[in-house]
Amino acid sequence: MSTKIASTSKSVSDASLIIPRKAKDTPGDKAVAGVSHALLSIWALIVILPLLWTVLSSFKTTSEIFASPFGLPAEWSFKNYVTAWTSAGIGSYFINTVIIVGLALFIVMALGSMTAYVLARFVFPGSKAIYTLMLAGLTFPIFLAIVPLFFILKNTGLLNTRPGLIIVYVAFALPFTVFFLFSFFKSLPHEISEAASIDGAGEWRTFFQVMLPMAKPGLASVAIFNFLGLWNQYLIPVALNTKEDQKVLSQGIGAFAGQMGYAVDFGALFAASVITVVPVLIIYIIFQRQLQGSVSAGTMK
Amino acid sequence: MTHLSTEVKPGSGDTAAARRRRINLSFDKVSFMVVFLGIPVVIYLVFVISPFIQAVYYSLTNWTGFSAKMDFIGLNNYVKLFQDDIFMKSMGNSIVLGIFLPIITIVLSLVLASLVTVGGSSRGQIKGLRGSSFYRVISFFPYVIPAIVVGIIWAAVYDPSSGLLNGLLTGVGLEQFKDFAWLGNESTAMIASMFVIVWGFVGFYMVLFIAGIKGIPAEIFEAARIDGAGRLRTAVSITIPLIRDNIQTAYIYMGILALDAFVYMSALNSGGGPNNSTLVMSQQLFSTAFTKGQFGLACAMGVVLAVITLIFAGIVFLVNKLSGGAKDVSL
């Protein structure tokens with residue numbers, strides 16, 4: 001079916017090549033375009049205003065913040081950022097997050113691509129059962145698991161440890177990773193792995209030297225989504241990683257905001273928010289096309 | 001998350017090559033399977049599947065976690081939950097979120113996606129609105145901000161005296177909003193909280209729908225136009241039916257998220273809001289487990305939440321099927 005559509009669309013575009021027409025916008029078109037731009041701009045403003053205001057406020061002292069929501073700071077200094085980074089502990093939370101998310105991301109990508117590869121390209125009893133179990137993991141709310149998970153970690157001595165948090169991150173990011181890469185590995189041609197095995201490559205070598213490099217675009221998309229998901233994760237660390245010196249950024253800033261009622265330092269809170277958002281902003285700017293592209297890729301089926 | 005739709009059933013592609021490989025079990029092959037499948041599956045079973053199963057069992061006990069004492073009390077926890085006014089209130093709030101959040105988010109993102117895709121010229125080739133990638137990039141951004149930070153920023157925006165919102169409203173002369181506590185008023189707390197979640201996700205679904213709409217062959221739009229369909233008619237009678245599978249996926253994911261909503265609700269109103277008007281099940285579960293230590297009861301709440309989630313997904317599938325989805329959608 002899809003090939004049929006492709007061929008007709010080709011002939012249509014051929015036809016339009018033969019008779020080049022420059023379409024002029026009617027007044028109605030202009031009105032619609034104007035209204036569209038107006039509505040989209042309003043939404044863009046609603047999105048961007050709170051963010052800009054946060055950045056502005058992060059440079060103000062607390063008394064300036066209380067004086068007026070729009071006033072400019074008397075002096076533009078990074079004092080709030082220094083306070084947030086050092087005395088509020090955001091600096092150490094940041095480093096913890098980089099370590100934990102980095103390791104978890106690496107492990108889940110490795111294990112996820114291996115599982116997806118085996119499920120997609122080998123036929124063996126139980127493969128369907130494993131696939132169904134993965135689907136269940138995506139559907140059930142994590143809140144159902146959180147209490148038993150707490151005690152599993154407690155009984156294995158992994159509660160409040162970095163390895164414990166990493167392994168839970170890996171386990172809960174696994175189903176999404178496997179699903180995405182499953183269809184990806186499935187679509188890679190069988191001829192190439194056959195050629196590799198005829199040339200004498202074993203299963204290990206075929207995977208690491210032939211299949212994995214071919215799956216790079218898929219791996220990149222999943223890695224970005226996993227990075228965002230793990231960086232933003234809140235419930236798992238709050239429940240399973242309560243030791244102060246091991247807190248990650250999301251839970252650290254949550255706790256910082258939670259005690260605001262007692263020790264009000266709104267300037268530092270705004271600065272801490274900006275610090276938390278900057279890494280994802282950088283990732284977003286670099287991979288913006290790829291991110292939106294992979295959202296689209298999921299719908300094209 | 002949206003990639004689920006690309007899934008292919010395992011075992012469907014058992015080509016000759018795959019079947020041939022099954023025969024010779026060399027060391028290379030056995031070690032490969034053990035490492036590649038064994039380790040991930042064990043981790044997954046221990047840390048994801050087994051907690052789900054244990055939760056169901058614990059929900060039938062009066063376990064408090066730290067003592068060894070654990071009596072089997074049947075469905076008592078569930079009876080207790082359904083007689084608990086605060087839990088019922090939180091369940092009601094969760095269901096309200098589950099019903100309204102997906103509708104609002106999806107309608108708004110569909111409207112924005114339509115504006116981007118059909119806002120362009122009505123003559124010649126179908127093309128989108130000029131400069132629309134700017135809106136897409138901006139709108140998508142909140143999706144990548146950590147939920148807790150979204151909550152913190154909006155709690156500050158809603159602040160009665162020094163917040164952005166009241167500053168803007170009094171700035172344009174609406175003096176009645178001076179010191180108005182959006183999150184502290186029973187009548188506005190829930191709506192204000194819902195808006196925050198909508199704010200975070202509209203851009204994501206907008207991008208999803210734009211991709212879906214662009215996947216529709218241009219000839220269909222052209223044919224409709226030749227037949228005299230206007231923009232609104234095209235959107236309602238052509239675009240929406242053709243991307244209904246995308247809408248279904250979006251609906252289910254947004255619903256699952258709305259039934260959770262833990263991070264947003266605890267960042268905006270950690271105590272459940274005025275008169276518990278924004279208290280949701282997940283918050284109740286968390287405090288029952290980790291503050292009060294009633295683990296059996298908390299697990300029962302988890303089971304109720306899971307059942308509601310499954311019922312919700314079932315209803316969405318059923319509605320889509322009954323209204324004729326999946327038959328006329330295949331492109």
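Here is a short chat about chain B of a predicted model.

Trainee: Hi! What should I know before I start?

Mentor: Residues are numbered from 1 along each chain as its sequence is written, and chains are lettered from A and ligands numbered from 1 in the order in which they are written. As the model is predicted, local features need pLDDT of at least 70, side-chain atom pairs count only at pLDDT 80 or more, and totals for chains, interfaces and linings use all residues.

Trainee: What does chain B average in pLDDT?

Mentor: Chain B averages 84, and 86% of the residues score at least 70; pLDDT is the predictor's confidence in each residue, from 0 to 100.

Trainee: And where is helix 4 of chain B?

Mentor: Helix 4 covers residues 85–118 and reaches 49 Å from its first C-alpha to its last. Helices are DSSP runs (H or I, at least four residues), numbered from the N terminus.

Trainee: Which residue in helix 4 has a kink?

Mentor: B:Phe100, with a kink of about 25°, shortly before the proline B:Pro102. The bend is the angle between axes fitted to the seven residues ending at a residue and the seven starting there.

Trainee: New topic: is B:Ala261 buried or exposed?

Mentor: B:Ala261 is buried, because 25 other C-beta atoms lie within 10 Å. Buried needs 20 or more such atoms within 10 Å, exposed 12 or fewer, and partly exposed is in between, with C-beta atoms placed from the backbone. B:Ala261 also has a positive phi of about 55°, although it is not a glycine.

Trainee: What about B:Asp179, buried or exposed?

Mentor: B:Asp179 counts as exposed, with 11 C-beta neighbours inside 10 Å. Its phi is positive too, about 60°.

Note on methods. Helices (H or I, at least four residues) and strands (E, at least two) are DSSP runs, numbered from the N terminus. The expected span of a helix is 1.5 Å times one less than its number of residues.
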